[in-house]
Amino acid sequence: MIIQVFLMLLNIASDFTTAPGPRYDSEGKFSGEVFRRDVLLPKLNEALQKKDVLTVCLDGTAGYGTSFLEESFGGLIREDKLTLATLNSVLKFESEEEPELITEIREYMTDAESERIKEAKA
Amino acid sequence: MTPAFHPFFLVLAGVIVGLLAALPLKNYGLLTLSPEVTMGNVFQACATILTGLIVAAYIQRSVHADRKEKDLILRQLDLVLASLDEFERFREGGKLTDITALLKRLAVSCKAAKEIVVFLKYSRSIVDQTKFDSEIKELRKLATETPIKKIQDHAQNALMSSEVREGIIKLAEGQRAKFDAEIQKFRMKVFKGQMCINKF
């Protein structure tokens with residue numbers, strides 16, 4: 001049996017903005033909340049449906065704040081109720097300019113998962 | 001001075017070492033030097049001098065290259081310090097995208113410094129001294145993190161939460177002191193890195 005995996009690419013700089021902003025839409029333009037809701041989640045659902053891998057490219061922007069990254073990726077677990085295992089199987093990251101951001105994003109997702117588990121137990 | 005290094009003992013030790021060294025050499029007094037110098041001797045002397053000159057030139061060039069490499073790393077670390085100085089403008093907050101842009105410039109400068117050090121095969125300890133990932137992460141957190149809504153709703157102390165309005169972040173009082181301390185800590189690490197490279 002041959003399993004075909006297609007790579008879907010989401011480039012934040014070209015598909016969303018070169019100047020990522022704050023956490024929430026109410027705080028300013030190009031927020032993590034808008035990115036997650038309008039760009040990331042639809043692409044992620046498409047990748048899940050097609051059993052593809054979604055590669056998120058972080059390069060080409062002016063820079064990221066902690067809140068934008070946490071809301072975008074941690075928010076997938078906290079707000080959209082996806083699990084860390086699902087995200088790990090479908091999401092990949094690439095960054096030549098700031099590779100340490102990938103570790104940070106993974107930490108935010110792990111923290112959100114811990115919170116989710118804690119809340120579920122409570 | 002401790003008794004072991006008293007001048008008398010030092011002189012005595014010198015005399016004993018001198019006598020012992022002279023024992024195996026006393027027979028060489030019978031050696032005579034030939035007054036004739038052959039062409040081979042001349043050629044040998046020239047070759048020795050030439051080799052000496054080549055070695056000296058090589059060492060000089062090597063030292064010069066080392067200095068240039070060090071200067072390159074030190075210049076790169078100066079760029080890191082310049083970016084850190086720019087953060088002074090944002091001690092109370094500012095336009096979020098300006099802060100994130102500065103953070104990116106800082107991260108790129110740090111990455112370049114580390115890459116040069118790794119490329120030039122400096123020791124592990126120097127590579128560690130020019131690795132600033134955790135400092136950048138902490139600075140990013142202090143300068144750009146705002147709370148999640150449900151946490152904010154339950155926050156007892158608003159002093160601990162920064163807030164953003166129309167893309168402008170205002171750092172919470174509690175964050176400002178931490179932000180200053182983190183910048184100072186970062187600077188010290190860069191200075192230490194520069195000192196290590198200078199000593200190497």
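**Two chains, one model: a quick tour**

Let's start with one residue, Ile99(B). Leaving aside residues up to four places away in sequence, Ile99(B) touches Phe90(B), Gly94(B), Ala143(B), Thr144(B) and Ile169(B). Touching, or being in contact, means that the C-beta atoms of two residues, placed from the backbone, lie within 7 Å.

Some ground rules. This is a predicted model, in which local features need pLDDT of at least 70 and side-chain atom pairs count only at pLDDT 80 or more, while totals for chains, interfaces and linings use all residues. Residues are numbered from 1 along each chain as its sequence is written, and chains are lettered from A and ligands numbered from 1 in the order in which they are written.

Now chain B as a whole. It has seven helices and three strands. Both are DSSP runs numbered from the N terminus: helices are H or I with at least four residues, strands are E with at least two. From the N terminus, the order is α-α-β-α-α-α-α-β-β-α. Of the 200 residues of chain B, 23% count as buried. Buried means 20 or more other C-beta atoms within 10 Å of the residue's own; 12 or fewer is exposed, and in between is partly exposed, with C-beta atoms placed from the backbone. What share of the contacts in chain B between residues at least 6 apart in sequence joins residues at least 24 apart? The share is 70%.

Next, the core. A nonpolar core is a set of buried Ala, Val, Leu, Ile, Met, Phe, Trp, Tyr and Cys residues joined through C-beta atoms within 7 Å. The largest one has 29 residues, and those touching the most other members include Ile99(B), Leu103(B), Leu106(B) and Cys110(B). Two or more residues come from each of α2, α3 (96–119), α5 and α7 of chain B. Which element gives the most? That is α3(B), with nine residues. Apart from this core lies another, of 23 residues, among them Leu44(A), Phe68(A), Ile105(A) and Met109(A).

On to helix α7(B). Its 27 residues, 173–199, should span 39 Å at 1.5 Å a residue, and the end C-alpha atoms are 40 Å apart, which agrees. The expected span is 1.5 Å times one less than the number of residues. Its buried residues are Gln175(B), Phe179(B), Ile183(B), Phe186(B), Val190(B), Gly193(B) and Ile197(B). An α-helix has 3.6 residues a turn, so residues three or four places apart point the same way. The buried residues of α7(B) pack against α2 (39–86), α4 (124–129) and α5 (133–144) of chain B.

Now the sheet in chain B. Three strands form an open sheet in the order β1-β3-β2, with antiparallel pairing. Strands pair if DSSP finds at least two bridges between them. The edge strands are β1 (93–95) and β2 (163–165) of chain B, each pairing on one side only. Neighbouring strands are turned by 15° against each other on average, direction ignored. Three bridges join β1(B) to β3(B), residues 168–170. Gly94(B) stands opposite Ile169(B) there. Helix α3(B) lies across β1, β2 and β3 of chain B, at about 95° to β1(B). Axes are lines fitted to C-alpha atoms, for helices over the stretch in contact, and angles run from 0 to 180 degrees between N-to-C directions.

Over to chain A. Strand β1(A), residues 7–11, runs parallel to β2(A), joined by five bridges. Leu9(A) stands opposite Thr55(A). Strand β2(A) also pairs with β3(A), residues 91–94, in the parallel sense over four bridges. There Cys57(A) has Glu94(A) as bridge partner.

Two residues other than glycine have positive phi. Phe30(A) has phi near 50°, sits in the loop between α1 (12–15) and α2 of chain A, and counts as buried because it has 20 C-beta neighbours inside 10 Å. Lys121(B) has phi of about 60°, lies in the loop between α3 and α4 of chain B, and counts as exposed because it has 7 such neighbours.

Last, where the chains meet. The contact takes 18 residues from chain A and 20 residues from chain B. On the side of chain A, α3 (66–78) and α5 (100–121) each give two or more residues. By class, that side has five nonpolar, six polar and seven charged residues. Nonpolar covers Ala, Val, Leu, Ile, Met, Phe, Trp, Tyr, Cys and Pro; charged covers Asp, Glu, Lys and Arg; the others, Gly among them, are polar.
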